[in-house]
Each structure stands twice: as C-alpha cells, then as structure tokens.
Amino acid sequence: MSRGDRMGQTDRAAAAWSRVLVLVAIGAFTNGLASSGHAATNQAWRVYTDQSGSSVEAPGVLTSVRVPSQLVLRSADGMTVVTLQTTTEERPGFPGNDPATDLTPTAADCDGLPPAYRLLNSQVSAYSCVKAGKVEYWAARYNGSGNVTLHVEYPVGQKTYWGGVVSRMSASMKQRGRHELVPYGCDPAKESPCR
C-alpha cells in the first residue's frame with residue numbers, strides 16, 4: 001500500500017470518528033434538554049392559594065411574595081414571576097366575565113402579533129407570546145362568578161423547562177365560587193333586597 005493510500009485511510013478514519021463524536025455530543029445535549037423538562041414534572045409541587053381562595057399548583061421552588069391583591073410567586077433568581085388573581089363579576093360581558101375582551105393580546109403585550117398561542121372560548125381565554133426576551137403567558141378561566149387569571153413570565157432561554165411547568169399550572173387552576181353579597185341591580189338600602 002502506498003503512502004498516499006495510507007494517508008487517505010487515516011483521513012477517512014479521522015472523519016468517521018469526528019462524525020461519531022458529533023453524534024454523541026448531539027445525543028448528550030438532547031438528552032440533557034429532555035432531562036431538564038422531565039425534572040420539571042418530577043420536582044415537588046404544592047398548591048398556592050390567593051386571597052380569594054382560588055388556587056394553582058406550582059413548583060415548590062417558587063417563593064411567595066406578600067402582595068395584598070393577588071398571589072405572586074418568584075423564582076430564586078427573580079427572572080420568573082407568576083401571579084394569580086381572582087375577579088368577582090357575575091354580569092356577562094363585563095370585565096372579569098368576558099373571555100372575548102378580558103385577555104386580548106396587543107402590540108404592547110407582544111413583540112409580534114398574532115401571539116404564538118391563542119385559545120378563546122366561553123370558559124377559557126389564554127395566549128402566549130414573547131416580549132423583550134421573555135415569554136408572556138396569560139390564562140383566565142371563567143365560571144358564573146367571574147374568573148381566575150394566571151400570568152407567568154420567564155426568560156425565552158428557559159422555555160424548555162418552563163413550557164411544561166406552565167401547562168401543568170394552567171390545567172390546575174381552580175376558582176373558588178364566589179358571589180357578591182348583593183346581586184347586581186339590587187338596592188341593599190331597601191328592606192327586602194333581591195335574593
């Protein structure tokens with residue numbers, strides 16, 4: 001075998017090993033991404049409740065911040081913020097009881113429209129988009145006494161992790177059935193207010 005043939009074989013062997021190493025590296029990277037998403041569903045979760053008794057399941061690594069009007073949770077690095085808020089409104093078509101207009105994505109909310117994800121029906125209004133390097137996720141669930149709204153914002157670079165977490169959080173939202181003490185249109189000053 002000539003020297004040129006041996007060098008050609010050596011070059012081909014080196015190229016083959018390079019391809020193998022690249023494939024191994026890609027596999028390890030992909031497995032790492034899958035593991036980080038998998039960890040999101042295997043970590044400790046707990047139920048957090050807002051001031052009205054509505055609740056959401058969320059990872060236990062989030063810490064609660066005291067805010068009087070809503071539940072606020074933050075990640076340790078402060079880059080991820082979750083809020084849960086209940087709105088009591090029994091009148092259809094009014095803010096807090098109008099899925100079509102309560103959560104309408106605008107150019108102020110998203111870098112580009114339409115949003116990457118949008119769901120709208122009589123019981124749920126939700127959307128997700130990117131704004132200034134963060135994923136903005138909004139979801140409101142409706143019942144006869146208003147809605148409960150979840151807002152989560154997290155860095156785009158953490159989408160692999162937070163995407164599954166947010167889906168689970170959204171599915172777990174529960175609104176405590178709450179009604180106004182005096183129904184709309186009734187005068188509490190009268191001796192026999194509406195029932």
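In the predicted model described here, a search of the whole structure returns 1 disulfide, which links Cys110 to Cys129 with an S to S distance of 2.1 Å. The torsion about the S-S bond of Cys110 and Cys129 is about -80°, and the disulfide is therefore left-handed. Because Cys110 is placed in the loop between helix 2 (99-102) and strand 6, whereas Cys129 belongs to strand 7, the pair ties together parts that are 19 residues apart in sequence. Cys110 and Cys129 are both buried.

Of the 195 residues in the protein, 34% are buried. The accessible surface comes to about 11800 Å², and carbon and sulfur atoms account for 57% of that surface. When contacts between residues at least 6 apart in sequence are considered, 42% of them join residues at least 24 apart.

Ala132 is exposed, since its relative accessible area of 66% is over the 50% taken as the limit.

The largest pocket was examined next. About 250 Å³ of space lies within the largest pocket, and of the 18 residues that line this pocket, Tyr117, Ser128, Tyr137, Val166 and Ser167 are the closest to its centre. Two or more lining residues are given by each of strand 6 (117-120), strand 7 (124-131), strand 8 (134-143) and helix 3 (159-172). By residue class, the lining of the largest pocket consists of 12 nonpolar, 4 polar and 2 charged residues.

Phe94, in the loop between strand 5 (81-88) and helix 2, counts as partly exposed because its relative accessibility of 33% falls between the limits of 20% and 50%. With its neighbours within four places in sequence left aside, Phe94 is in contact with Glu89 and Asp102. The C-alpha atom of Phe94 is 9.3 Å from that of Gly146, although the two residues are 52 residues apart in sequence.

Gln158 occupies the loop between strand 9 (146-155) and helix 3, and with a relative accessible area of 28% Gln158 is likewise partly exposed. Residues up to four places away in sequence not being counted, Gln158 touches Asp77 and Thr80. A separation of 9.9 Å is found between the C-alpha atoms of Gln158 and Met79, which are 79 residues apart along the chain.

How values were computed:
Residues are numbered from 1 along each chain as its sequence is written. This is a predicted model: local features need pLDDT of at least 70, side-chain atom pairs count only at pLDDT 80 or more; totals for chains, interfaces and linings use all residues. Side-chain values use heavy atoms; hydrogens and water are left out. Buried means under 20% relative accessible area, exposed over 50%, partly exposed in between (1.4 Å probe, protein chains only). Contact means heavy atoms within 4.5 Å. Accessible areas come from the Shrake-Rupley method with a 1.4 Å probe; for residues, only the protein chains shown count as cover. On a 1 Å grid over the protein atoms alone, a cavity is a set of points where a 1.4 Å probe fits but cannot get out, and a pocket is an open set with protein on both sides within 12 Å along at least five of seven lines; lining residues have an atom within 4 Å of a point. Grid points are joined across faces, edges and corners, and a volume is the space filled by probe spheres set on the points. Helices (H or I, at least four residues) and strands (E, at least two) are DSSP runs, numbered from the N terminus. Ala, Val, Leu, Ile, Met, Phe, Trp, Tyr, Cys and Pro count as nonpolar, Asp, Glu, Lys and Arg as charged, and the others, Gly among them, as polar. A disulfide is a pair of cysteine sulfur atoms within 2.5 Å.
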